[in-house]
Amino acid sequence: MVLYFIANTASRLLVRVFSKTTKLNPYAANLLLQIPTYIGMLIFGVVTLHDSIFSGVTPQIMLLMVLLGVAQVYFNKVTLIAQKHVETAPYMVLRQVSVPVSVLLSSIFLNETLDFKQIAGMIVIMSGTYLVASNGGKIKIKHFSRHELMTIGYGVFLAFYSILTRYLQIETSLSTILIIGGLLEVIPSFVTTHKVSSKISLE
């Protein structure tokens, strides 16, 4: 989970760099990060596949994966818009709301609670994020505009996303989530990008 949040933060920062240094729109920037990511997921999913990738897949499970893929397209754009107006340090701190919300949701919906060491680890993660973002100083958030709220909203979505993905993995398998779930995230992203941008630069 820690690696997931680190990787997700890195990808959000990369999308910001792409959008600032190239002519890519937010959808194209997200898509061009998703493609190599999915290739890695596909390879790992195939290598670790022990049963049919459709094992445990029901219409309800498939619908949930589709909804997650569509929602991710929207929230990825939301967080990019927020990043353009919120400085990096406050952005990194505000989006960490995903960590405690994930813990809360996992205890409610998955009946998974943290022990003392895990709670201490969560506090260390959040404290470390603040120290890195503030460079050992203080982060001043002058006011909560809609962009700060968008950042918090993305953090909450990230928590729901991680918990729902965990639920899907329990009902199916890791390989199913990587292969089918990953594909159902790339497809909505590709369709949306194609509609808003006739040409996608590979720069």
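1. The protein chain contains eight helices and zero strands, where helices (H or I, at least four residues) and strands (E, at least two) are DSSP runs numbered from the N terminus. Read from the N terminus, its elements follow the order α-α-α-α-α-α-α-α.

2. The model is predicted, so local features need pLDDT of at least 70 and side-chain atom pairs count only at pLDDT 80 or more, while totals for chains, interfaces and linings use all residues. Residues are numbered from 1 along each chain as its sequence is written, and side-chain values use heavy atoms, with hydrogens and water left out.

3. Of the 203 residues in the protein chain, 42% are buried; buried means under 20% relative accessible area, exposed over 50%, and partly exposed in between, with a 1.4 Å probe and protein chains only. The accessible surface of the chain is about 11700 Å², and carbon and sulfur atoms hold 69% of this area (Shrake-Rupley method, 1.4 Å probe; for residues, only the protein chains shown count as cover). Among contacts with a separation of 6 or more, 86% join residues 24 or more positions apart, a contact being heavy atoms within 4.5 Å.

4. The largest nonpolar core has 20 residues, and Met65, Tyr91, Tyr154, Leu168 and Ile180 have the most contacts inside it. At least two residues of this core come from each of H2, H3, helix H4 (88-94), H7 and helix H8 (174-196). A second, separate core has five residues, including Val101, Leu105, Leu110 and Ile163. Here a nonpolar core is a set of buried Ala, Val, Leu, Ile, Met, Phe, Trp, Tyr and Cys residues joined through side-chain atoms within 4.5 Å. In soluble globular proteins, nonpolar side chains tend to be buried together.

5. The structure holds one cavity of 30 Å³ or more, and the space in the largest cavity is about 40 Å³. Its lining consists of Tyr27, Asn30, Gln34, Gln72, Val73, Asn76 and Ser189. Helix H2 (26-47) and helix H3 (59-85) are the elements that give two or more residues to this lining. A cavity is a set of points, on a 1 Å grid over the protein atoms alone, where a 1.4 Å probe fits but cannot get out, and lining residues have an atom within 4 Å of a point. Grid points are joined across faces, edges and corners, and the volume is the space filled by probe spheres set on the points.

6. The lining of the largest cavity comprises two nonpolar, five polar and no charged residues. In this count Ala, Val, Leu, Ile, Met, Phe, Trp, Tyr, Cys and Pro are nonpolar, Asp, Glu, Lys and Arg are charged, and the others, Gly among them, are polar.

7. Gln34, in helix H2, is buried at 14% relative accessibility; beyond four places in sequence, Gln34 touches Gln72, Glu185, Val186 and Ser189. Gln72, in helix H3, is buried at 12%, and beyond four places its contacts are Gln34, Phe157, Tyr161 and Glu185. Ser189, in helix H8, is buried at 5% and, on that basis of counting, touches Tyr27, Leu31, Gln34 and Val73. The C-alpha atoms of Ser189 and Leu31 are separated by 6.0 Å, although these residues are 158 apart along the chain.

8. Leu164 belongs to helix H7 (residues 146-171) and is partly exposed, at 27% relative accessibility.

Terms used. On a 1 Å grid over the protein atoms alone, a cavity is a set of points where a 1.4 Å probe fits but cannot get out, and a pocket is an open set with protein on both sides within 12 Å along at least five of seven lines; lining residues have an atom within 4 Å of a point.
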